[in-house]
Amino acid sequence: MARLNCSPSQTFFLQHSFCNVQLIGNMPMVYLNNVVDGCVARIAAKLEMMEPCSSVKDRIGYSMIRDAEEKGGISPGKAVLIEYASGNTGIGLAFIAAAKGYKLILVMPSGVTVERKMVVLAFGAKLYLTDPAKGIQGLFDKADEILKNTPNGYILNQCENPANPKIHYETTGPEIWKATGGKVDILVAGIGTWGTVNSAGHFLKEKISEIKISKCVCERGVEMVITN
């Protein structure tokens, strides 16, 4: 690893961040026992909470930045990354940006938890907060405003970035297939940008045409399942 011009504490952090980037993906799956007692199905849980920043969103943070690098759109020390986020995607991006040496500007609704704000700031990201009443459009508008006023700015645009769903087709889906020995009847996943459930589901659907894909959404604090 090239020697970096930073303090001992920063060097320690960056060295471990580079190592942690290599730990993204290939999270284990465990079959549940007591909590599903009486259920006729065998239910497995994929432990994405074991990702370096405790979320499946580490995958898309890495994928979007790597994709932009491979296409020649960004490089460390030059590009300023910009993104709207409401939580774990922002944390994942802040982690990858810190590891790779990018400046990152995040736009989040002011109502996000204090813990999320503290984590992205600890990774060195700059944070702008928007009025929650303006909804997601408020995030889009603020991110666009920042982009227009930031030299070498690059917006990752998770909702429309093909590198978001692509990583789940290339990794999450195949990992589930391999871990279950190809024996999957139903996939249940949460939805945000729809990248995880759509693309992991797409991969599995190609393998097992009769598989059912179920999406989970939390509305007003109540978990709901939408089956498609």
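A salt bridge is a side-chain nitrogen of Lys or Arg within 4 Å of a carboxyl oxygen of Asp or Glu. The model in the viewer is predicted, and it holds nine salt bridges. This tour visits some of them.

**Stop one: D67 and K71.** Select these two residues and show their side chains. They meet in a salt bridge, with N to O at 3.2 Å. Is D67 buried or exposed? D67 counts as buried, because its relative accessibility of 16% falls under the 20% cut-off. K71, at 64% relative accessibility, counts as exposed.

**Stop two: K46 and E175.** Select K46 next, then E175. Their side chains form a salt bridge of 2.9 Å, N to O. K46 sits in strand β2 (residues 44-46), while E175 belongs to helix α6 (residues 163-179). The two residues are 129 residues apart, so this pair links distant parts of the chain. E175 is buried, with a relative accessible area of 12%.

R59 has 1% relative accessibility and counts as buried.

**Last stop: the network.** Select K46, E48, E51, R59 and E175 together. Salt bridges that share partners join these residues into one network.

Conventions
Residues numbered from 1 in each chain as written. Predicted model: local features only at pLDDT ≥ 70, side-chain atom pairs only at ≥ 80, totals over all residues. Heavy atoms only, no water. Helix = DSSP H or I, 4+ residues; strand = E, 2+ residues; numbered from the N terminus. Buried < 20%, exposed > 50% of the residue type's maximum accessible area, 1.4 Å probe, protein only.
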